[in-house]
Amino acid sequence: MKNIAVVGTGYVGLVTGAGISDFGSKVCCLDIDIEKIKLLNNGKIPIYEPGLKDLVDRNIKSKRLTFSNDIEESIKYAEIIFIAVGTPENKSGEADISAVLQVAELIGKNLNNYKLICTKSTVPVGTGKQIINVINKHKQNNIQFDYCSNPEFLREGKAVSDFLRPDRVVLGVSSKKAYDYMKDIYRPLYINKTPLINTTIETAEMIKYAANAFLALKISYINEVANLCDEIGADINVVSEALGSDGRISPKFLHPGPGFGGSCFPKDTKALVKIAKKYELNMNTIDAAIKTNNYQRRRMFNKIENLLEGDLKNKKIAVLGLSFKQETDDVRESAAIEIILELINREVSINAYDPVANDSMKKLIPDIEYKLNWQSAVKGCDAVVIMTEWNEFRGLNLEELKELMFTPIILDTRNILNISELKRLEFKFDNVGRK
Ligand code: UDX
C-alpha cells in the first residue's frame, strides 16, 4: 500500500482521507488550519457527519490515519497526493480554484520523486490541465508525475456510506500507471465489483458537473409538478411514487420541497452554465432549474403569507429546521435563510430551532431567538414553518403542538406531516403539492 497525503480536511478531505485509510492505505490528512488539526489529533471531529467519528477513530487506532500541518514535508513523503481544498463560488458565479492552484504550486516545489496527483475538489472542466501546468512550472528537475481527476459524490449526512459503498468511482487519468495506482487504493471496492470508470481527465471533470446538475434538474422538475398539483388539487406524493416506479426515472431525488440548497447544487449548476457560456453554448435546462429553485423559495414565503392572510407584522413564527437538509449542521444556501430574512423584513419575530444547526445559523443571522427544543420554539407562536425534514419533526406530537401554539397554523415545506391528523386537529395548514 502506498503513502497518501490528503490536502484539505474539510468535509470532503476528511471523509476521503478516513475512507481511504479504511480501505487499507496509510493516510496523512493535512490542513493549514492549526486549530482544526489540533482538534483532530485530540480525537474531535470539526463537523457534524454521522459515522465519521467512528471511521476516524478506528483508523487512528490502526495507525493508518494521521493529521498534520506540515504540508510540505508530507507532500515530499507521499506517493499519492489528493487535493481536497474548497472551490467556493466567486462573485461572477464561477468556481474559485485559487486554493487548488496554490496546492499545485506547493506540490510542484516539493516534487522530490514520482507522484500521482489526484483532485477530489469539484473544479471546472480544464482545471486538471491547469494543475498539471502549474506543477510543471514549479518543479525544479525532470521528475515525472501523473494526474487523476477523481470527483466525489458524497452527500452530506450520508458521506461515510457514500464513500465506503459508492455507486461508481470515476477515474480520469493521464496514464495507465495512474489508473493502476488508483485501482490499488480502491481495491476493496474493485473486488466487490463497484464500477471503476476509467476515462480522460476532462471527461471525469464533466461527469461531476453533469451528475449534480441533473439531480438539481430533477428536483426543480418535481417542484414545478408539485406547484401545479397545488393548483389543480392533485397529490404530488402519489405522482412522485408513480413516476419513480418507472425504472427509467428512479424514485430518488423526486421529493418536492423548498428548493435545493447546500454547498454543491447551487454552486455547481451556476458554474456549469458559466463553463458552457465560455464555449458559446447555453445550458437552457440548467438555467431553468436555477430559476425554478429561486422561485420555489419565494413560493414558500407566499404560502406563509397566505396562511396568515397577509398579516405578518408583529406576528411570532417558529422556524423548525435550519440546515439545508436533514442529518447535517450545514446551513450553506439553506432555504431557511431566505425565508427567515424575508420574515424579518416583514417585522415578524422568529423562534428558530434545529437539532444541530442552531450554532451555524447564529453566525449568519444572530438577531433572532434560538431555542433548544421544538416545544419552546413553538410556544405562543402564530404559525410554524417546517424547513428541514429532520426525523424529530416527522414525529411531532401534533396535539401537543396545537396546545402550545397561539393559533394552529403550519406550513410543512417538506411534506412530512400526516394530513389526516392535521385535519382532525383542525390545523390551518399548507404543504408542497398535497392540497
Ligand atoms: C450533493 C450530491 O448529492 C452529491 O453527490 C455531491 O457530490 C454533493 O452535492 P448534498 O449537497 O450533500 O450532496 O445533498 P443532497 O442530498 O444531494 O441534497 C441537496 C439538496 O437538494 C438539499 O437541499 C435537499 O434538501 C434537496 N433535495 C434533495 C430535494 O429537495 N429533493 C430531493 O428529492 C433530494
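1. Two strands pair if DSSP finds at least two bridges between them. Helices (H or I, at least four residues) and strands (E, at least two) are themselves DSSP runs, numbered from the N terminus. With these terms, Ile 81 stands opposite Ile 117 in strand 5.

2. A word on the source. This is a predicted model, in which local features need pLDDT of at least 70 and side-chain atom pairs count only at pLDDT 80 or more, while totals for chains, interfaces and linings use all residues. Residues are numbered from 1 along each chain as its sequence is written, and side-chain values use heavy atoms, with hydrogens and water left out.

3. Which strands pair with strand 1 in the parallel sense? One is strand 2 (residues 26–30), over 5 bridges; there, Cys 29 is the bridge partner of Val 6. Another is strand 4 (residues 80–83), over 4 bridges, where Ile 81 is the bridge partner of Ala 5.

4. Between strand 1 and strand 2 comes helix 1 (residues 11–22), and the three make a right-handed β-α-β unit. Right-handed means that, with the strands pointing away from the viewer, the path from the first strand over the helix to the second runs clockwise.

5. Strand 5 (residues 115–119) is also mostly covered, with 5 of its 5 residues buried. Lys 115, Ile 117 and Thr 119 point one way from strand 5, and Leu 116 and Cys 118 point the other way. Strand 5 pairs with strand 4 in the parallel sense over 4 bridges. Strand 4, helix 5 (residues 98–109) and strand 5 make a right-handed β-α-β unit.

6. Strand 5 also runs parallel to strand 6 (residues 145–149), joined by 5 bridges. Within this pair, Lys 115 has Phe 145 as its bridge partner. The chain passes from strand 5 through helix 6 (residues 127–138) to strand 6, in a right-handed β-α-β crossover.

7. Is Lys 303 buried or exposed? Lys 303 lies in helix 13 (residues 284–307). Lys 303 counts as buried because its relative accessible area is 5%. Leaving aside neighbours within four places in sequence, Lys 303 is in contact (heavy atoms within 4.5 Å) with Asp 230, Leu 411, Asp 430 and Asn 431.

Definitions and conventions. Buried means under 20% relative accessible area, exposed over 50%, partly exposed in between (1.4 Å probe, protein chains only).
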